[in-house]
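Visitor: I am new to this structure. Please show me how to read its features, one at a time.

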Amino acid sequence: MPKLFRRCRWNSATFLATLAAAVALVTGASVVLANSVTGGAQAADSASAKAVSANTATSGIAPAMSCSGVAQLDLAAAVPGVPFEISSATDLAASANTLGNWAACDVKGVIAPQLHFEIKLPETGWQANYLQLGCGGLCGGATVTNAPASAGCVPLTTGAFAVASSDEGHQVGGGLFSTDPTLSADFGYKSDHELVQAAKAIIKQYYGQAATHSYFDGCSQGGHQGLTEAQRYPTDFDGIIAGAPANNFTALNTFSHAWTAQSVYLDGGPATITNADLADLHQAVLKGCGAPADGIIADPLACTWDPGTIQCGAGQTSTSDDYCLTADQVTTLRRIYAGPTDGHGQLLYPGYQLRGSELNWAGIITPATATGASGDISFVRETLRYQIFDSPQPALTYKDIKFTAAYYDKVMRPNEGMYDATDPDLTAFKKAGGKLILWHGLGDQHIPAVGTMAYYKAVEKVVGGEAATKTFARLFLLPGVAHCGGGQGPNTFDALTAITDWVTKGDAPVSLTTKSVDSSGNTTASRPVYPFPYYAKNTTGGPATDASSYTPVKSTAEAGLKLDWLGSFRSGYETVGNWVGRKWVVTKGKN
C-alpha cells in the first residue's frame, strides 16, 4: 500500500455556518479547537496537568527547556520495558516544517532494537495535544509527513499538536525485515505502543507537563496500526482515525492481491485487461449501475451489474464507440468483482472490488501493457516470500497461491496473531472512553472497502448493536475515492477536528464534509458523507457539486451485508503468544 495522503484546507466562515446548522463535523477554526482543548479538556484534567494561563488559548503552552537540552536528556529508565535513546534534537524553522507554519524542536531517536522515530515539538501554540501518525505499505521511514486525514488542516498547521511517527522497526521498504521475529513483532503490533510511551515521556520533559489528550491518524498500513492500538492497547489513544485499514494484512497481501493478479493474468498468460481498457469499461459500469450525471456511484455495494451483458458477439470487435468484452475479459471481471473464493464459494478474504472503481485500477490491478506487471504482483511477492512461512521462500510468486481452505489454514493460522488486527471486540477501548473514526474510499483499488464494512458490522455484533457502536465508533464511506485519496469523488476532509470535538466535547460526527480542491486551494465540489450504513443522495435536485443538495439515505445493501468467508471476524486474539521459530504459539492471557 503506498504512502498517500490528501491536504485539507478549510474556511472558518464555512465552519461557523456548519456549526450553526448543528452538523457535528467542523471545518477547523483554530480558536474553536483551542477553546475545546484548553477550556474543556485541560480544566477537566487539571489534576494531572499544570494550570494553563489565560492566554494559553492563543499562545499555547511554552517549552520548559531548550531544544538543545532535549538531546542531553537521559530517559533510559523513563518507560519500563521500552528502552530508548534520543539521538538528536534540533531547531526546525517554521518555513521548513511540512506540517504547518510553526517552528519546532525536531527530535529523533531509537527504541530498541532499531525502531527509529521522529517527534516534532511545537515551540509555540502547543495545546497539550499529541498526534501519532501511521505509515504506508510495509513502512520503512520515520519522517513525520503522512497525516492522511489531518494534513494541512487547522489545528495541525498552528502547532496545537506535538506530532510523531516511526519506521515500525526497519529502514528497508520491502519484506526482508520479517525474517527476524523481533522486527516482525515491531511491525505487526508493538511499534506504536512503544512509540506513544516514549513520545509522552519526551513531551513531559520538554514542556514540563504531560499531554492532555492523545490521537492517532493513519491510512492503509496506518489504518491497520490504528486498529491494532484500539484492539490491543485500548488506553494508548483517546481518539483514533483509521483510514482504509490493511487490518486483515495476511489475507490481503496473499489471497486478495493474488486473486486479482491471477484473474488479470488468466492461466499465467498475458493480461486480459490493461490500463487502456479502463475508461471504456468504467463508462459501461456507470451505465449499467445507473450512475447519475456526475459519474459517482454513491451506493456501489447495491450494484450487481454483470460484465457478461457487454460480451462481444460472434465476429464483433470492441471499439471505443462500441465497447465490448471478450469471453476471457468477462471471466476476469467477474472474478475481480466476486473476490477470492475457494471451490465451495467461500471467500478467503472479506472483500472484493466494487463496481465504479475501475479508473483507479491502473498500475495496481491492471498493467500498462498485456505483458507488463501489475502492482498486485509485487504486493504478493514480498509477503509470500518473507512474511508468512518458517523460512524465506524467494522463488514463490502470485501464481503459487492456492485458493483452498487447506492453503488458507497453512498461510493464515500461524500468522494472524502477528500481522492482523481483526478482533472486533473493542469493548475495552469503548470503556476507556476512546473514540474511533473509520473511513474508506469506495473506489479503493488496493484494499476493498467491503472488508472495512464487514469489520464494522462485526464490531456492532460484539459491542451490542448499531446504537451502542455509534457511541464510540463510526464508519464513513467516500464514494469514488481511491486508496487513501484521489479518485473521482471529493476526497479532502478534516477528521482531526471531528475526532478532537468528539473526545473533548462529546460531539459525535453526524457527517463529514468532503471536498474536491484544485491546485490553488479552491473548492470545486463538496459532498457530505454519513455514518455507515447511510449514504448521501441528491434528493433536492440541486447541483451535484454542492453539499447542500444531499440528504442521508440508508443503504439496504450495506445494512444487510453478509459475507461467507473462512476467517469470519471473531474475538480471537485475546491471547499471549511466543514466536517459536516462525510459528505463533498461543499461551494464556491477553497480549
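Guide: We will go through ring pairs, charges over rings, one arginine and the cavities. Keep in mind that this is a predicted model.

Visitor: Start with the rings. How many aromatic pairs are there?

Guide: Two rings pair if their centres lie within 6.5 Å. The count here comes to 18 aromatic pairs. Take Phe161 and Tyr215, 5.8 Å apart centre to centre.

Visitor: Where in the chain do Phe161 and Tyr215 lie?

Guide: Phe161 is in strand 5, residues 161-166. Tyr215 is in strand 6, residues 213-219. They are 54 residues apart, so the pair links distant parts of the chain.

Visitor: Are Phe161 and Tyr215 buried or exposed?

Guide: Both Phe161 and Tyr215 are buried. Now look at Phe187 and Phe249, an edge-to-face pair with 5.5 Å between centres and 70° between planes. Phe187 lies in helix 5 (residues 181-207) and Phe249 in helix 7 (residues 249-264), so this pair ties together parts 62 residues apart in sequence. Phe187 is buried, and Phe249 is too.

Visitor: Which residues do ring pairs link into a cluster?

Guide: Find Phe255, Trp259, Phe403, Tyr407 and Tyr408. Ring pairs join these residues into a cluster.

Visitor: What sits over the ring of Tyr189?

Guide: The charged end of Arg232 does, 4.3 Å from the ring centre. Tyr337 has a charge over its ring as well: the charged end of Arg355, at 4.4 Å from the centre.

Visitor: What does the side chain of Arg527 make a polar contact with?

Guide: Its partner is the side chain of Asp294, at 2.8 Å. Leaving aside neighbours within four places in sequence, Arg527 also has contacts including Ile296, Pro490, Leu512 and Tyr550.

Visitor: Which residues line the largest cavity?

Guide: Among them are His282, Ile297, Pro300, Ser357, Leu442 and Gln488.

How values were computed:
Residues numbered from 1 in each chain as written. Predicted model: local features only at pLDDT ≥ 70, side-chain atom pairs only at ≥ 80, totals over all residues. Heavy atoms only, no water. Phe/Tyr/Trp six-rings, centres within 6.5 Å; stacked < 30°, edge-to-face > 60°. Helix = DSSP H or I, 4+ residues; strand = E, 2+ residues; numbered from the N terminus. Buried < 20%, exposed > 50% of the residue type's maximum accessible area, 1.4 Å probe, protein only. Lys NZ or Arg CZ within 6 Å of the ring centre and 35° of its normal. Polar contact = N/O pair within 3.5 Å; in protein donor to acceptor, adjacent residues only side chain to side chain. Contact = heavy atoms within 4.5 Å. 1 Å grid on protein atoms, 1.4 Å probe; cavity = no way out; pocket = protein on both sides within 12 Å on 5 of 7 lines; lining within 4 Å.
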